[in-house]
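Dear colleague,

Please find below the structure that I promised to pass on to you.

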Amino acid sequence: KFASMKHAILFFVLAFAACRKEAQPTTAELIQGVWKQTTSPHAVYSFASGICTRRVISAGVEVWRAEYAYICEGDTVTLKNIVNGADEKWAVTFETDDKFSARTGSVFVLYLERM
């Protein structure tokens, strides 16, 4: 009886372990990397180690650039402009690991794809 009880307990432990879901990546983990805005002006965003660089390139020349410190809390990304201190808050939704949308607090929604 003891051996069968040990087997039953082992079965339940292994079944429970197999059913546990793998932790979903956080917004901070998912947003790392280089992204291109899918609509004009096709800005390129680079997110790494709490710094975001937003660049607009036209005819191979960078025509606009801004840098931000950023933090992620849940599905909200807060960007603080390093030069003027202005804040932007984005509510982000990841469609896939390589596509997300950002509601910027206005009627404007950014759609980005991983490069």
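**What was found**

Glu62, with a relative accessibility of 36%, counts as partly exposed, a class that lies between buried (under 20% relative accessible area) and exposed (over 50%), using a 1.4 Å probe and protein chains only. Please keep in mind that this is a predicted model, in which local features need pLDDT of at least 70 and side-chain atom pairs count only at pLDDT 80 or more, while totals for chains, interfaces and linings use all residues. Residues are numbered from 1 along each chain as its sequence is written, and side-chain values use heavy atoms, with hydrogens and water left out.

**Salt bridges**

Glu62 pairs with Arg65 in a salt bridge whose closest N and O atoms are 3.1 Å apart; the term stands for a side-chain nitrogen of Lys or Arg within 4 Å of a carboxyl oxygen of Asp or Glu. Arg65 is likewise partly exposed, at 44%. A further salt bridge, at 3.9 Å from N to O, joins the side chains of Glu113 and Lys99. Because Glu113 belongs to strand E8 and Lys99 to strand E7, this pair ties together parts that are 14 residues apart in sequence; strands (E, at least two residues) are DSSP runs numbered from the N terminus. Both partners are partly exposed, Glu113 at 35% and Lys99 at 34%. Through shared partners, salt bridges also join Arg55, Glu62, Arg65 and Glu67 into one network.

By this rule there are 7 salt bridges. Among them is the one between Glu88 and Arg54, with the closest N and O atoms 3.1 Å apart, which links distant parts of the chain, since Glu88 is in strand E6 and Arg54 is in strand E3, 34 residues apart. Arg54 is buried, with a relative accessible area of 12%, whereas Glu88, at 24%, is partly exposed.

Setting aside neighbours within four places in sequence, Phe47 is in contact (heavy atoms within 4.5 Å) with Ile31, Gln32, Gly33, Trp35, Cys52, Tyr70, Leu79 and Trp90.

**Cysteines**

Which cysteine has the sulfur closest to that of Cys52? It is Cys72, at 10.0 Å, which is too far for a bond. In keeping with this, a search of the whole structure finds 0 disulfides, where a disulfide is a pair of cysteine sulfur atoms within 2.5 Å. Cys52 is buried, at 0% relative accessible area, while Cys72 is partly exposed, at 23%.

**A nonpolar surface patch**

On the surface, Val61, Val63 and Trp64 form a nonpolar patch with about 290 Å² of accessible area together, areas being computed by the Shrake-Rupley method with a 1.4 Å probe and, for residues, only the protein chains shown as cover. Patches are made of residues with over 30% relative accessible area and no salt bridge, like charges being joined within 9 Å and nonpolar side chains (Val, Leu, Ile, Met, Phe, Trp, Tyr) within 5 Å. Val61 lies in strand E4 and is partly exposed, with a relative accessible area of 48%.

Conventions:
Helices (H or I, at least four residues) and strands (E, at least two) are DSSP runs, numbered from the N terminus.
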